[in-house]
Structures are given as C-alpha cells and as structure tokens.
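These are my notebook entries on a single chain. I set down each item as I looked it up.

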Amino acid sequence: MLDDVCWTEFTDLRDANLLEPACGNGAFVTEAAIRLVRSFKANARAMEVATLSPAIRAFELHPVEAHAAREALIAALVGEGIDRSVASSLGGTWITTGDFLLADFGDLRFSHAVGNPPYARWSKIPPGLRTSYSEALPAGIAKGDIFLPFLDRTIALLKENGTLGFLCSDRWRFMAFAEAFRRDRLPEIEILKEEKVLPDEVYQRTVDIYPSKLIAKRRTPLPEVAGRAAPGRSLLEAGYRVKVGPALGYTPAYVLTERDAEKIEPELLAPWARASDLIGNSSRTPLWVICLHDEDGRLRNLTEYPKAFDWMRTHRKKLEARSIITEGDPHWYRPIDRVFAAPWRHSKLIVPELARHPQVFLDHTGLIPSHGSYAIIATGNEPIETLHRKLEGDGLAQALRGLTPTVKGGYVRCYKRFLEMIRI
C-alpha cells in the first residue's frame with residue numbers, strides 16, 4: 001500500500017508528510033519511517049530531528065499499542081543508522097497517544113495518508129465518546145461504523161493531489177449510513193485502485209470483515225455547482241427517477257415463455273426481461289409476467305381470471321411456502337412487490353444491477369424489468385433519448401467510475417444509489 005501511494009525509498013520525500021490515523025502497534029508507520037530515512041539518504045537530506053520530525057504524524061488511542069509502536073519505530077530507525085537520541089525524539093514526535101477524530105490539526109495538511117482504520121458499530125462506542133464525536137464530526141458522518149469518520153476526516157486532511165491508501169470495509173459504497181459521505185466526499189477524490197483482499201492475507205488474526213484496498217487521490221478544487229464541488233447535475237437533480245424492478249418471490253409462477261403466455265388472460269400480461277437478457281442490447285427470447293395487481297395497484301381477485309387461476313394453482317404449494325404468506329392466507333398467489341403495467345409504460349433506460357461492462361438498454365415497449373435491474377425514468381422536460389445518448393456505449397461505465405464497487409470477477413454493482421449520483 002505504501003508503494004501504491006508512492007511513499008517509497010526511491011521517491012524524493014524531502015517535502016512530503018504522511019498521516020497514519022490509527023497506527024496500532026506500528027506496522028505501517030515503521031515501514032513508512034524506514035522508507036523516509038532511505039529517501040533522505042538518497043537525496044542528501046540532513047538526518048536531524050528538525051528535518052525529519054515534520055514528515056510523519058501518527059495517532060493511536062490505546063496507550064499500550066502506542067507504546068509498542070514507538071518501541072518498534074525507534075528500533076527500526078536505529079537499524080537504519082539514526083542516532084538513538086534522535087530516534088527516541090522522533091518516536092515521541094511522530095506517534096501521538098490520542099484520538100485522531102478529536103485532534104486539532106489547524107491548517108496542517110498531508111501529502112500522503114495510509115492505514116487501517118478501526119471497525120466498530122456506532123452503537124458499541126461508549127456513550128460519552130459517542131457524544132463527543134457527534135459534536136465534533138460533520139453531520140451525517142457520526143453513525144453506522146467508526147471506520148467511516150476515519151476515512152472522511154483523512155480525505156479532508158489531504159493536500160491537493162495528496163494520495164490515500166486505506167485497508168477498510170467497502171460498506172461505504174452502498175450502506176445508507178454513508179450516504180452523506182458519498183455525496184460530499186466522492187466528488188473530492190479520484191479513486192485510483194480498489195480491490196478486494198482476503199482477510200487472512202492482510203491480518204495477523206482472524207477477523208469477521210471483508211476488507212478492500214482503496215487507493216485514492218484528492219482532486220484539485222472543482223467548480224461550485226449548486227453549493228457543491230462537483231461538475232454537472234446528478235440524475236436526481238436533472239429530474240430523473242431510478243426505480244428497481246419488482247421482486248416476485250417465485251419466478252416460475254409469474255414469468256412465462258411466449259408459449260405458456262397463451263394460457264393466461266391477455267389483459268394480465270406485460271413484457272418482462274431478466275438482467276441477462278439486456279446486456280449488450282442483444283435480441284432476447286420474449287418473456288411475459290403475470291400482473292396480479294390492477295392499474296391502481298390493487299391485488300386482483302384471481303377467481304375472476306380462471307386461466308390465470310388454473311396456472312397459479314399448479315404452483316400453489318411453492319407459493320404458500322414463502323415467508324410472506326401466512327397459513328390460510330387467501331392471497332397466497334400475491335408476489336412480493338406489486339406488479340402492474342402502469343408504472344413501467346414510460347420510455348426508460350434499463351440497467352442490469354451486476355455487469356462486467358455496465359450498459360443501458362432503451363425501452364419504449366412498457367417492459368417490466370426483473371428485480372436484478374433498475375429503470376431510469378425521465379420526470380422532467382428532457383426526453384429519455386437525450387440521456388441515452390450520453391450513457392450508451394461506454395458512457396455509463398465512464399459515469400460510474402469512482403462511484404461503484406467492483407466485486408469478484410471484475411463485475412460492477414450498479415445500485416440505485418450509485419445511478420442517482422451519476423453526474424451529467
């Protein structure tokens with residue numbers, strides 16, 4: 001990770017400074033110090049407290065861990081030929097026993113930041129400390145998980161073009177508690193690399209998290225738009241609505257091939273598409289979904305549709321076994337979400353939730369997408385074709401770059417939140 005942020009012995013670090021917000025027993029800060037000393041030697045920089053002390057600032061809340069980090073740091077510096085008195089002074093200067101989230105940095109900013117923030121649900125933090133955080137941290141950040149304010153504040157403390165390397169959970173990508181972070185901080189950074197890592201590859205003991213390596217660079221100032229530093233308008237600001245396809249509960253009962261659709265009353269049918277049918281805008285085998293709700297969204301009385309009733313009865317055992325159906329429920333045939341044609345008649349763009357190469361599919365036919373897809377619907381004056389021209393081809397992938405997580409196999413998750421954040 002130090003390589004990824006270009007904190008190396010082969011880099012001229014004479015004017016650089018590094019932040020480590022939660023150094024633990026010193027794994028990152030010790031290696032960073034060794035590289036700093038070697039860079040200074042290579043660039044004929046004086047090895048003195050005055051020249052070295054501004055280069056690193058690390059924090060550790062727990063005194064025992066902070067002491068261990070200092071001892072490891074001092075030993076590493078002495079091993080690199082630094083006088084022990086200088087090394088001891090640097091150990092005290094570089095590592096602060098204190099709370100990074102509550103520290104006062106004044107105008108100090110950093111060219112590099114690296115580390116592994118702590119993980120703890122907000123509800124597990126002692127009440128007094130939780131109150132202090134809520135008073136000191138930006139609104140919308142002090143909730144969810146403690147790693148989020150560490151990430152947020154570290155980004156805020158970077159200089160322009162400063163680089164960050166964090167080993168942390170990727171839950172900031174999609175969890176509701178990180179919505180303010182995504183809105184306010186993502187426009188400020190360029191994500192250079194993001195990749196999943198296995199816990200046993202990076203941690204010394206077993207942990208119950210799924211870590212991701214995040215490498216990012218702070219952008220130069222962006223022009224202010226509607227009070228926010230970001231170019232263009234988001235889809236929401238531009239008058240578009242993102243809607244997820246309805247969940248059914250047992251697809252074989254509701255989704256039919258064209259041949260089986262002949263067995264159902266035509267007024268109950270609407271065209272249907274799975275996410276896999278849409279990728280690449282390729283031709284697909286026609287599918288139909290049974291709309292068991294009327295045009296006002298009310299559940300139909302199935303006995304009034306004998307053909308559909310006979311079809312659904314063949315699946316009754318499976319339908320009654322679903323968790324949403326209680327024993328004796330007369331509406332055993334209802335899907336999880338309301339399924340009716342009216343909300344989907346608008347011309348729209350359909351986006352599969354998971355794809356190697358995110359693409360949009362333009363639909364004018366009233367197609368209802370599966371629950372694995374999202375529809376982008378125009379609610380303003382601008383026609384959907386205008387947005388399609390911007391997002392077709394590689395346009396969607398480019399617009400989502402830096403917003404969406406990439407999962408195993410190189411697939412991109414196009415969640416509703418990320419689509420709404422696209423700037424056009």
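At what angle do helix α1 and helix α3 pack, and how far apart are their axes? I worked from a predicted model, in which local features need pLDDT of at least 70, side-chain atom pairs count only at pLDDT 80 or more, and totals for chains, interfaces and linings use all residues. Residues are numbered from 1 along each chain as its sequence is written, and side-chain values use heavy atoms, with hydrogens and water left out.

**Entry 1: α1 and α3**

I found that helix α1 (residues 27-42) and helix α3 (residues 63-79) pack at about 25°, with their axes 9 Å apart. Axes here are lines fitted to C-alpha atoms, for helices over the stretch in contact, and angles run from 0 to 180 degrees between N-to-C directions. Helices (H or I, at least four residues) and strands (E, at least two) are DSSP runs, numbered from the N terminus. The two helices α1 and α3 are therefore roughly parallel to each other; angles under 35 degrees count as roughly parallel, over 145 as roughly antiparallel, 65 to 115 as roughly perpendicular and the rest as oblique. I noted a right-handed crossing of α1 past α3. A crossing is right-handed if the near helix is turned clockwise from the far one by less than a right angle, and left-handed if anticlockwise.

I then listed the contact, meaning heavy atoms within 4.5 Å. From α1, Val29, Thr30, Ala33, Ile34 and Val37 meet Ala69, Ala72, Leu73, Ala76 and Leu77 of α3. By class, this contact of α1 with α3 has nine nonpolar residues, one polar and no charged. For the classes, Ala, Val, Leu, Ile, Met, Phe, Trp, Tyr, Cys and Pro count as nonpolar, Asp, Glu, Lys and Arg as charged, and the others, Gly among them, as polar.

**Entry 2: α3 and α4**

I next took α3 with helix α4 (residues 84-94), where the axes come within 9 Å and cross at roughly 145°. The crossing of α3 and α4 is right-handed. On the α3 side I recorded Arg70, Leu73, Ile74, Leu77 and Val78; on the α4 side, Arg84, Ala87, Ser88, Leu90, Gly91, Gly92 and Trp94. By class, the contact of α3 with α4 has seven nonpolar, three polar and two charged residues. Leu73 and Leu77 of α3 also meet α1.

**Entry 3: positive phi**

Cys6 has a positive phi of about 65° and lies in the segment before β1 (18-20). Cys6 is partly exposed, with a relative accessible area of 43% (buried is under 20%, exposed over 50%, partly exposed in between, with a 1.4 Å probe and protein chains only). Ala44 has phi near 55° and sits in the loop between α1 and α2 (49-52). Ala44 counts as exposed at 73%.

**Entry 4: α6**

How many residues of helix α6 are buried? I counted nine of the 10 residues of α6 (residues 147-156). They are Phe147, Leu148, Pro149, Phe150, Leu151, Asp152, Arg153, Thr154 and Ile155. Their cover includes β1, β4 (110-115), β5 (158-169), α7 (179-185), β6 (189-196) and β7 (211-218).

**Entry 5: aromatic pairs**

My search of the whole structure gave 12 aromatic pairs. Rings of Phe, Tyr and Trp (its six-membered ring) pair if their centres lie within 6.5 Å; planes under 30 degrees apart count as stacked, over 60 as edge-to-face and the rest as tilted. The rings of Phe309 and Trp332 have centres 6.5 Å apart and planes at 50°, so this pair is tilted. Phe309 is in helix α12 (residues 306-313) and Trp332 is in the loop between α13 (316-320) and β14 (348-352), 23 residues apart. Phe309 is partly exposed at 22%, whereas Trp332 is buried at 4%. Ring pairs also link Phe59, Phe100, Phe105, Phe110 and Phe150 into a cluster.

Gly115 is in strand β4 and is buried at 0%. Leaving aside neighbours within four places in sequence, I found Gly115 in contact with Met1, Glu20, Phe28, Gly165, Phe166 and Leu167. Leu167 lies in strand β5 and is buried at 6%. Leaving aside neighbours within four places in sequence, Val197 is in contact with Leu167, Val202, Pro211 and Ser212. Val197 is in the loop between β6 and α8 (199-202) and counts as buried at 17%.
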